[in-house]
Amino acid sequence: MKTEISRPTNSNELKEAVVRAGNLIKQGNLVAFPTETVYGLGADAMNKKAVERIFIAKNRPADNPLIVHISKREQLLQVARTLPEVAEKLMDRFWPGPLSLVLPKNMAVPAVTTAGLDTVVVRFPSHPIAQAIINSANTPIAAPSANLSGKVSPTSADHVIEDLINRIPFIIDGGDLEYGLESTVVDCTVEPPTILRPGSITLEQIKEIVPSIVYESEHKTPRSPGMKYRHYSPSAPVILFCGDKSKTTQRMKEKLDRISDSKTIIIWHSGDFSRLPFNYQIPATSIEAAPRIYYALRAADSHKPDRIFIQSYEDTGVGHSIMNRLRKAASKIVIC
Ligand code: TXA
Ligand code: MG
């Protein structure tokens, strides 16, 4: 299959691309498109055959359910059976935006979309292109991140192309994204409501609306099936240096001195590694770093290094979400 890539530069081209995307989805085909978090790979969530194509294109294990995207609150009861009160509160505060809610599933949603679970995860994205495509297709859209399963999520159309060229019919390039980390997934069917995947909306923000919210422990078997896979992972081994800035800087320098003959790429925010031949500097605050992390991991990996060193962030707020992803990407964690 040859992939068509649309890079709209004005509103007419954008309209054309959205109509094309909507038609492809109505016909049961796949489209990769921007959202405010990462690029998604969309199909009609209500069409079993279409959703099966997502699993094939991504090489995704069939037991990993998909997030269903809507563009108006009225679509909710097409996919959810009932709305827990806590879900309504969270929607009022954070939708449209990077928050996905686990809700009781409506029978009309095919089992393949939710990997046989009796819950469905729903999200109302804020990105105007995502909203326009859902409107144009006139159906809820199931969309995982538009990467090959196990790879780092895509934050640019070029990342989507790297993984899915000639595996899907259509990609829309919407440029850079606002958040660059996947949505936060909150289970609203359990007591207390639980964050299954930390993301762009933080625990602290949710606490203001739902004081009883908790994180699911990273140590037990995850209830969000996708969290059990070694995700977000470049091909090169990633070594994560954890601790405060001065200690991680010191330790990375020591390690680099010892392995100077081989190709190590360093992704850093503190200390000064800018004179090293292979280095990517990322912002020191987690809010500014979040949209750059996947970009840096993919860029580093493209040089086919022997290993990638990366410096930790403080484990609070968005920093917690970054650390959740980095711990999954890491083959080794050095506590400094
Ligand atoms: O930001 C995002 O959420 C992006 C954009 C494209 O919207 N999508 C995304 O989808 O990250 P994906 O498929 O890469 O991750 C979905 C996560 C997985 O960890 C999956 O296991 C979990 O949501 N999930 C889906 N349905 C679930 C359910 N019914 N119960 C628990 N976890 C579920
Ligand atoms: Mg994903």
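Predicted model: local features only at pLDDT ≥ 70, side-chain atom pairs only at ≥ 80, totals over all residues.
Me: Hi! Which strands does helix α10 lie across?
Reply: Helix α10 (residues 318-329) lies across β12, β15 and β16, and runs at about 135° to β12. Helices (H or I, at least four residues) and strands (E, at least two) are DSSP runs, numbered from the N terminus. Axes are lines fitted to C-alpha atoms, for helices over the stretch in contact, with angles from 0 to 180 degrees between N-to-C directions.

Me: What is the strand order in the open sheet of five strands?
Reply: The order is β14-β13-β15-β12-β16, with parallel pairing. Two strands pair if DSSP finds at least two bridges between them.

Me: And why is one side of β14 and of β16 left without a neighbour?
Reply: β14 (279-281) and β16 (332-335) stand at the edges with a single partner strand each, so one side of each has no neighbour in the sheet. On average, neighbouring strands here are turned by 15° against each other, direction ignored.

Me: Is β15 mostly covered or mostly open?
Reply: Mostly covered: four of the five residues in β15 (residues 307-311) are buried, meaning under 20% relative accessible area with a 1.4 Å probe, protein chains only (exposed is over 50%, partly exposed in between).

Me: How many bridges join β12 to β15?
Reply: Four, and the two strands run parallel. Phe309 is the bridge partner of Ile239 there. Four bridges also join β13 (residues 264-268) to β15, with Ile265 opposite Ile308.

Me: Which strands does α8 touch?
Reply: Helix α8 (residues 245-258) packs on the sheet and touches β12, β13, β15 and β16, contact being heavy atoms within 4.5 Å. The direction of α8 makes about 160° with that of β15.

Me: New topic: which residues touch the most other members of the largest nonpolar core?
Reply: Leu90, Leu101 and Ile206, out of 47 residues. A nonpolar core is a set of buried Ala, Val, Leu, Ile, Met, Phe, Trp, Tyr and Cys residues joined through side-chain atoms within 4.5 Å. Another core, of 25 residues, lies apart from it and includes Ala236 and Met323.

Definitions and conventions: Residues numbered from 1 in each chain as written. Chains lettered and ligands numbered in written order. Heavy atoms only, no water.
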